[in-house]
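Hi,

Here is the structure I promised you. Have a look at it first, and then read on for what turned up.

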There are 2 protein chains.
Amino acid sequence: MITMRKILAVDAGGTTTRAVVLDLSGNALGYGRAGSGNPTASGIDDAAAAIQAAAARALGAERPTDPSSSALVALAGAQSIRFRDLLAEHLAPYGFTGTVTLESDLAGTFFSGTHRQHGYALIAGTGAVAARISHGSLEHVSGGIGWLLGDTGSGFWIGHHVARAVIAALDGQGPNTALSGLLLEQLAIERSAERERGRPRNLEQTMNALYALRPVELARFAPLAFQAAGDVVAQEILASAASALAGLLEAVHDPDTGGPVVLGGSVAAAGLRAAPEIFVPPLTAAAHGAPLISVADGMVGAAVMALRQVGTAVDAELFSRLRNDIAQLAHQYMQHERHLP
Amino acid sequence: MITMRKILAVDAGGTTTRAVVLDLSGNALGYGRAGSGNPTASGIDDAAAAIQAAAARALGAERPTDPSSSALVALAGAQSIRFRDLLAEHLAPYGFTGTVTLESDLAGTFFSGTHRQHGYALIAGTGAVAARISHGSLEHVSGGIGWLLGDTGSGFWIGHHVARAVIAALDGQGPNTALSGLLLEQLAIERSAERERGRPRNLEQTMNALYALRPVELARFAPLAFQAAGDVVAQEILASAASALAGLLEAVHDPDTGGPVVLGGSVAAAGLRAAPEIFVPPLTAAAHGAPLISVADGMVGAAVMALRQVGTAVDAELFSRLRNDIAQLAHQYMQHERHLP
């Protein structure tokens, strides 16, 4: 009997978990998705279940039969032994009885953009964090401080400043801004000039709606700043965000370490796509001449790390093939998912 | 039998509640203090109990015997009928069976600084709020939006920015600042240059200590900015705060309304005392030539409003006498309190 060794690579995000099954030569055999696989965001049980579900979908009916079949999961936050052990229990029934390794989402992002072993990664999503990668591993990390004490320039920070700017405008403390109409529309509050107890009615309604959210949920208003990018107030928020993200890259910069700068996360993606004139110049300056590479997620990077862990060399050619194959599998999966009941 | 009509005036703060008993001629007869009398900060039962305790201490053994003896309470936040009714129940056993009126802390602050009927009040304490007073009542209010969405320049805002500046410095994202030493000392964290998992140990310790607090408790670090007022980072935080507070005053300014600007709250007091070169110029500009008057609390103002409510005219002379008498009673009370077991 021929034993079949497979590798599982997982990019466990706070919203979506992606999984790819590979063979030792780096052929991507299957792709699957599930909900949040981040234990900090969802609790360890739900996160482990989501990773299991994504793996099951990527496998289909097949099972690896070689007991050394291993798994690598890239995710944000602290990497606990407890979560790793729980994951091992969840993946063993699917044939992944070998090593289960947890890696940083920063590494997942970096290796989604390059096969090189040196460079920089910046993730600007709900939070903001950057790393210098040297000899294939994280050498220096800055940011990732959380919404209250850090993460300047992140989705939370932008959404928070959108909310504060609208409140200030409604309260007569700040300039009028196109963000007000967009925010009130998103909150389903009808515009009104009426005042109640010495204050505009819209102000009280907006405060009530926003204070009913958990603070970190203010991140959902970040897209409004990009929608209103022509507005002076929105532009100032985005310019401050871009400058803070460039500062985060500078904080991990080392003149002796070259290599590309890989950008991940929703804010980086929106910044490059919807407001390049604001985001590209400061990030280019902070890259000190290195190329900027934007990636949609950390899936390819998780696959690269999983392959390297089992001794498969990932050069420029295999990297390029992996990226194309995974993109194609993801596309097929999404087409299929769209037609599910 | 001669019935004895008295008036109770209360300044119910988030930390301390003050009460004064007066006769109809404006003689201050007694003074008492208790803990937080703010229903938003402490819940309505504890707040009512604190106000009752302060009133009982101000009364001593005497009781008003005229059933129309009334009470007026100045406090921050929404004024609910439910809280007023609960207060009436708490004060009736002490002889205050007449009307119980709730008034804004902004009015309490304003009338603690002047007998005039027109002008402006700015409270910069944990929060920040301003009002224009016209014909003796609040005509326009700005600010008071709360820590997450507003209150720029408040004690929370300053403390939050102190914490963020220290975290940024420890993380290599921001400039070094004298605030770091002060904050680590206050948190009882020993300074260390060691790094753990790619990050400075002090960074992780500080993050853990700060995230263990409720966000609004970051206000306790505001005094560090005044202590470190010579430091560039602290100076920038204070200058932004002073400018935001001046902006709040501007937001309620009306060129047709003259009258003094009365400043209350711990940040206003510390700003004028410890950093006048930073706070006085922008506030003076925002006062448009009117005098700046600083008050320690809203006690005198509550007494002024309580007297006016029962028809006693409070002119410059009575105002001045009230202020002196209440200050003297408060001083005696504190001397006495210091010697309590």
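How are α4(B) and α12(B) oriented to each other: roughly parallel or roughly perpendicular? Keep in mind that this is a predicted model.

Start with the axes. Helix α4 of chain B covers residues 105–113, and helix α12 of chain B covers residues 299–309. Their axes come within 6 Å and cross at roughly 95°. An angle of 65 to 115 degrees counts as roughly perpendicular, so α4(B) and α12(B) are roughly perpendicular to each other.

Who does the touching? On the α4(B) side you'll find A107(B), G108(B), F111(B) and S112(B). The α12(B) side brings in M299(B), V300(B), G301(B), A302(B), V304(B), M305(B) and R308(B). Sorted by type, the residues of this contact are 7 nonpolar, 3 polar and 1 charged.

Now for the two chains.

Where they meet, chain A gives 32 residues and chain B gives 32 residues. The copies meet through the same surface, because 100% of the interface residues of chain A are also interface residues in chain B. Together the chains bury about 2700 Å², with 54% of it on carbon and sulfur atoms. In chain A, the residues that lose the most area to chain B are L148(A), L149(A) and R164(A), which together make up 27% of what that side buries. As for salt bridges between chain A and chain B, the count is 0.

Cheers

Key
Residues are numbered from 1 along each chain as its sequence is written. Chains are lettered from A and ligands numbered from 1 in the order in which they are written. This is a predicted model: local features need pLDDT of at least 70, side-chain atom pairs count only at pLDDT 80 or more; totals for chains, interfaces and linings use all residues. Side-chain values use heavy atoms; hydrogens and water are left out. Contact means heavy atoms within 4.5 Å. Axes are lines fitted to C-alpha atoms, for helices over the stretch in contact, and angles run from 0 to 180 degrees between N-to-C directions. Helices (H or I, at least four residues) and strands (E, at least two) are DSSP runs, numbered from the N terminus. Angles under 35 degrees count as roughly parallel, over 145 as roughly antiparallel, 65 to 115 as roughly perpendicular and the rest as oblique. Ala, Val, Leu, Ile, Met, Phe, Trp, Tyr, Cys and Pro count as nonpolar, Asp, Glu, Lys and Arg as charged, and the others, Gly among them, as polar. Buried area is the accessible area (1.4 Å probe) that two parts lose on being put together, summed over both. A salt bridge is a side-chain nitrogen of Lys or Arg within 4 Å of a carboxyl oxygen of Asp or Glu.
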